[in-house]
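Visitor: I'm new to looking at protein models. Could you walk me through this one and tell me how you know what you say?

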Amino acid sequence: MRRTTMAKYMLIMRGSDESTAKMMETPFEEMLETVGKFNEELMRAGVLVAAEGLDDPAQGVVVHFDGETPVVTDGPYGETKELFGGFYLLEVASKDEAVEWAKRLPQFPGSKVEVRRVPSIDEFPQDNEWIVKERAWRERTGQL
């Protein structure tokens, strides 16, 4: 039996003012139920690597690299049209499979889910000293 090569894809959840307002109207227990069922599907399928949501943007900061010295600005952000709200990291056979999971992700109207492949360490020059160090670290921490 030929084994399919798996790749990691990140589903990046991006909210808008509209989707955030709708989310705030939804009871927390209802959101947990909906997202929990989706997460269970991912786990049963064996494709879930990681998933995390992010705290309120007003609690964050932005580090701007517009000049010589980075400048830190407290939240809330000036522009909230497409805030990054969290992510799923999946290990699947193809981009098409990642897209199919993204289409099933419970989201509110106005949301977007960006699907991006996460390159493997094997795709970088294996004789590079920094890649050698990272590979050793990944092996020590059980990531490889």
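Visitor: In what order do the strands of the open sheet come?

Guide: First, keep in mind that this model is predicted. The order is β2-β5-β1-β6, with antiparallel pairing in this open sheet of 4 strands.

Visitor: Why do β2 and β6 stand at the edges?

Guide: Each has a single partner strand, so one side of β2 (48–53) and one side of β6 (112–118) are left without a neighbour in the sheet. From one strand to the next, the twist averages 20 degrees.

Visitor: How do you know that β1 and β5 pair?

Guide: Count the bridges! Two strands pair when there are at least two bridges between them, and β1 (residues 7–15) and β5 (residues 83–92) have 9, in the antiparallel sense. For example, Arg14 has Phe84 in β5 as its bridge partner.

Visitor: Which strands does helix α3 touch?

Guide: Helix α3 (residues 95–104) packs on the sheet and touches β1, β5 and β6. Its direction makes about 30 degrees with that of β1.

Visitor: Now Thr26, in the loop between α1 and α2. What makes it buried or exposed?

Guide: Buried means under 20% relative accessible area. Thr26 has 14%, so it counts as buried.

Methods. Residues numbered from 1 in each chain as written. Predicted model: local features only at pLDDT ≥ 70, side-chain atom pairs only at ≥ 80, totals over all residues. Heavy atoms only, no water. Helix = DSSP H or I, 4+ residues; strand = E, 2+ residues; numbered from the N terminus. Buried < 20%, exposed > 50% of the residue type's maximum accessible area, 1.4 Å probe, protein only. Axes fitted to C-alpha atoms, helices over the stretch in contact; angles between N-to-C directions. Contact = heavy atoms within 4.5 Å.
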